[in-house]
Amino acid sequence: KISIVNHSYSIDIDTNGLCKFSSSFICVGRLSEQKGIIQLLDIFSRYPKANITFVGSGVLEPLVKEYVAKYSNIKYLGFIKGLNNLIPVYKQHSFVVLNSIKTPIWEELFGMALYEGMACGCVPLANSHPGPKEIITDNVDGFLCEETHIEDLINKALRMDSKDYNEMRKNAIRRGQSYNCSKIADKWKDIFD
């Protein structure tokens, strides 16, 4: 018998102070080609009415800073350590984006930024790698797409009305908060019993 118990976060996340529905996106993680950063920079450089904030560090940091200098809708906050410090940043955004790109030796197995962002009220957009597919139920608590189609999801998000967004946000919060360690501990308890 095989049991799967996922990663978790260990602090309580409340939903006070969430931003209103807007065209604000956040991308948290390693700034590398495998995370699809170059594509996101290109897309948002062509979407001046949508905003994206990058959080993290990596080899593409100089490129991100170049785009920040050219485009007022692209922001970079650097590396932020600890979920406690990330929570208020997530809450300032409507969507969290994970644009992972498969390589011969890697694909996104379990993006913690997705469920942490969801717990903070962000609706997720991600490529349908194994991890995101396990976390997100497409068109219920977020959006999934095949690689190279993240722009389609961004457009879909931008076309949402506030009623549909708020319903999806509620579902995203519920799903994201299911990764709280107290809920994950129940899964461990079931296994050990």
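In the predicted model, Glu 167 and Lys 170 are joined by a salt bridge, with an N to O distance of 3.6 Å. Both residues belong to helix α7 (residues 162–177). They are 3 residues apart, so about one helical turn separates them. Glu 167 is partly exposed, at 41% relative accessibility. Lys 170 is also partly exposed, with a relative accessible area of 48%.

The structure contains 5 salt bridges. Another of them lies within helix α2 (residues 61–70) and pairs Lys 65 with Glu 61. Here the N to O distance is 3.1 Å. The two residues are 4 positions apart, so the spacing is again about one helical turn. Lys 65 counts as partly exposed, at 46% relative accessibility. Glu 61 is partly exposed as well, with a value of 22%; the cut-off for a buried residue is under 20%.

A further salt bridge links Asp 14 to Lys 91. The closest N and O atoms of this pair are 2.8 Å apart. Asp 14 sits in the segment before β1 (24–28), whereas Lys 91 sits in the loop between α3 and β4 (95–98). The pair therefore ties together parts that are 77 residues apart in sequence. Asp 14 is partly exposed, at 40% relative accessibility. Lys 91 is buried, at 9%, because buried means under 20% relative accessible area. Elsewhere, salt bridges connect Asp 42, Arg 46 and Glu 151 in a network.

Glu 146 was examined next. This residue is located in the loop between β6 (143–145) and α6 (150–159). Its relative accessible area is 54%, so Glu 146 counts as exposed. Beyond its neighbours within four places in sequence, Glu 146 contacts Asn 127 and Ser 128. Ser 128 is 18 residues away along the chain, yet the C-alpha atoms of Glu 146 and Ser 128 are separated by 5.7 Å. The side chains of Glu 146 and Ser 128 make a polar contact at 3.1 Å.

Two or more lining residues come from each of α3 (83–90) and α4 (112–119). Helix α4 gives the most, with 4 residues. By class, the lining of this pocket has 12 nonpolar, 5 polar and 5 charged residues.

Terms used: Residues numbered from 1 in each chain as written. Predicted model: local features only at pLDDT ≥ 70, side-chain atom pairs only at ≥ 80, totals over all residues. Heavy atoms only, no water. Buried < 20%, exposed > 50% of the residue type's maximum accessible area, 1.4 Å probe, protein only. Contact = heavy atoms within 4.5 Å. Polar contact = N/O pair within 3.5 Å; in protein donor to acceptor, adjacent residues only side chain to side chain. Nonpolar A, V, L, I, M, F, W, Y, C, P; charged D, E, K, R; others polar. Salt bridge = Lys/Arg side-chain N within 4 Å of Asp/Glu carboxyl O.
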